[in-house]
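Thanks for asking me to look this one over. Could you open the model beside this note and follow along?

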Amino acid sequence: MRLVFAGTPEVALPALDALIASDRHEVVAVVTRPDAPAGRGRRLVASPVAERAAEAGIEVLKPARPREPEFLERLREIAPDCCPVVAYGALLPKAALEIPAHGWVNLHFSLLPAWRGAAPVQHAVLAGDEVTGASTFLIEEGLDSGPVYGVVTEDVRPTDTSGDLLTRLALAGAGLLAATMDGIEDGTLRAEPQPAEGVSLAPKINVEDAEIDWAAPALRVDRLVRACTPAPGAWTTFRGERLKVNAVAPATDRTDLAPGELAVTKKDVYVGTGSHAVRLSWVRPQGKRPMAGADWARGVRIAHGERLGG
């Protein structure tokens with residue numbers, strides 16, 4: 001099939017690479033988000049998908065909005081058979097959905113209908129799911145509600161961050177998306193409607209959502225930190241300044257600390273929660289690089305009874 005691939009961030013690259021390498025299909029163009037400011041100089045930088053496509057000599061389309069007449073006209077000229085999608089980042093209008101004969105097929109990082117929305121991996125970690133996965137489905141106008149072509153499953157490990165889990169799902173999902181394209185092309189694969197039961201939503205987790213509530217149980221604190229790593233980054237406050245928390249570890253033997261209360265030993269720094277304490281493994285003070293929690297504690301010279309949080 002003639003494919004137009006839609007995607008933007010680095011997590012889409014394994015799938016794009018798999019489709020470029022396929023001997024059954026041709027990626028004739030990619031659709032990606034426009035160049036965005038990045039770095040200290042805030043200069044415009046092309047998306048990872050745009051850069052990979054350019055390296056491969058593939059046409060790159062960067063509509064500000066995919067409903068733009070110029071973009072829709074170019075898509076009709078290209079006449080793709082199917083448009084595979086991985087983390088494109090913009091809503092597709094009906095006019096675009098109708099152009100490819102086999103529609104737009106999205107690789108979504110959950111076992112649909114669970115975790116429909118922008119942040120399925122983060123919500124799976126936050127909820128303590130033991131198993132998640134990836135699904136390919138035909139895009140409709142609803143939110144991740146289209147019929148499903150196939151799934152792969154992936155165990156959620158106890159120490160997984162969202163970044164860890166997403167890396168594995170991107171690799172497994174790349175094979176699933178390529179196999180889905182094969183099945184659509186040879187007519188052996190049909191999309192099945194999603195069940196009405198088991199629907200859950202995964203809205204974007206913003207910076208405000210990532211603030212740690214030290215009165216919550218330690219299990220909840222750990223899940224929040226892992227779910228928000230690498231982005232948007234879990235955080236708290238100390239002496240009026242924001243402190244990012246990159247990793248914590250349970251310390252079930254410490255139940256003597258109030259929520260947010262700090263205790264420092266030669267090797268560790270502990271924080272109280274609503275249940276037992278956690279070790280503050282890695283933190284990132286404002287304007288500084290990540291450091292071990294114990295090193296941070298020694299540097300700021302924590303006084304007896306000081307706390308994290310409001």
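Below are some numbered points on the cysteines, a helix, the cores, the pocket and one loop.

1. A word on the source before anything else: this is a predicted model, so please read every value here as computed from predicted coordinates.

2. How many disulfides does the count come to? The answer is zero. For cysteine 83, the closest cysteine sulfur is that of cysteine 82, and at 6.5 Å it is too far for a bond, because a disulfide needs the two sulfur atoms within 2.5 Å.

3. Staying with the cysteines, is cysteine 83 buried or exposed? With a relative accessibility of 0%, cysteine 83 counts as buried. Cysteine 228 is buried as well, and its relative accessible area is 0%.

4. Helix H1 spans residues 13-21, and its buried residues include Leu13, Ala15, Leu16 and Leu19. These four lie on the same side of H1, because the arc they cover around the axis is only 160°.

5. The largest nonpolar core holds 61 residues, and Phe5, Phe109, Leu177, Met181, Leu280, Trp296 and Leu308 have the most contacts inside it. Helix H6 gives the most to this core, contributing nine residues. There is also a second, separate core of 22 residues, with Phe71, Ile99, Leu112 and Val148 among them.

6. Tryptophan 296 deserves a look of its own. Leaving aside residues up to four places away in sequence, tryptophan 296 touches Phe238, Leu243, Leu262, Leu280, Val283, Pro285, Met291, Ile302 and Leu308.

7. For your pocket work, the largest pocket has a volume of about 1300 Å³. Its lining is made of 45 residues, and those closest to its centre are Ala87, Tyr88, Gly89, Gly117 and Ala118. Strand S7 (104-108), helix H5 (120-127) and helix H6 each supply at least two residues of that lining.

8. Last, a loop residue. Where is the place of lysine 267? Lysine 267 sits in the loop between strand S12 (262-264) and strand S13 (269-271), and its relative accessibility of 72% makes it exposed. Glycine 293 is 26 residues away from lysine 267 in sequence, yet their C-alpha atoms are 9.3 Å apart in space.

Definitions and conventions: Residues are numbered from 1 along each chain as its sequence is written. This is a predicted model: local features need pLDDT of at least 70, side-chain atom pairs count only at pLDDT 80 or more; totals for chains, interfaces and linings use all residues. Side-chain values use heavy atoms; hydrogens and water are left out. Buried means under 20% relative accessible area, exposed over 50%, partly exposed in between (1.4 Å probe, protein chains only). The arc is that of the directions from the helix axis to the C-beta atoms. A nonpolar core is a set of buried Ala, Val, Leu, Ile, Met, Phe, Trp, Tyr and Cys residues joined through side-chain atoms within 4.5 Å. Contact means heavy atoms within 4.5 Å. On a 1 Å grid over the protein atoms alone, a cavity is a set of points where a 1.4 Å probe fits but cannot get out, and a pocket is an open set with protein on both sides within 12 Å along at least five of seven lines; lining residues have an atom within 4 Å of a point. Grid points are joined across faces, edges and corners, and a volume is the space filled by probe spheres set on the points.
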